[in-house]
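Colleague: I'm new to this one. Can you walk me through it?

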Amino acid sequence: MGPIWSSYYGNCHSLLFMVDTSNPTQLSASCVQLLALLSAEQLAEASVLILFNKIDLPCYMTIEEIKSLIRLPDLIACAKQNITTVEISARKGTGLSEVLRWLEDTHRTNG
């Protein structure tokens, strides 16, 4: 789906990007997709929420290791967008209240 995402950028004020923390082999592909989104001209003003999903599952890397591997501090420092991160478990509902709060705050700001 990544190659056609740019068809949907128009009028986008917020962006939710989900990273599957239980699949470290896909981490580099996720990072490439995120970099493409952050460099898209049409998304320069969008607020970005990166969701680190499946934190309830055992995996080889901690969230800190994942953030380090994708160089999250550098991404946040260099991006034009305001970037927020949340650790979630969609299955258990962990962190979803933070996601809803972010959506409400972002909508209120951009509304």
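Modeller: One term to begin with: buried means under 20% relative accessible area, exposed over 50%, and partly exposed in between (1.4 Å probe, protein chains only). At 29%, Asp-20 is partly exposed. This is a predicted model, where local features need pLDDT of at least 70, side-chain atom pairs count only at pLDDT 80 or more, and totals for chains, interfaces and linings use all residues. Residues are numbered from 1 along each chain as its sequence is written, and side-chain values use heavy atoms, with hydrogens and water left out.

Colleague: Which side chain does Asp-20 meet in a salt bridge?

Modeller: That of Lys-54, at 3.1 Å, N to O. A salt bridge is a side-chain nitrogen of Lys or Arg within 4 Å of a carboxyl oxygen of Asp or Glu.

Colleague: Why does that pair tie parts together?

Modeller: Asp-20 lies in strand β1 (residues 14-20) and Lys-54 in the loop between β2 (47-53) and α2 (63-69), so the pair joins parts 34 residues apart in sequence. Helices (H or I, at least four residues) and strands (E, at least two) are DSSP runs, numbered from the N terminus.

Colleague: How many salt bridges does the structure hold?

Modeller: It holds 4. Among them, Arg-91 and Asp-56 meet at 2.6 Å, N to O. Arg-91 is in the loop between β3 (83-87) and α4, Asp-56 in the loop between β2 and α2, 35 residues apart.

Colleague: Is Arg-91 buried or exposed?

Modeller: Exposed, with a relative accessible area of 64%. Asp-56 is partly exposed, at 24%.
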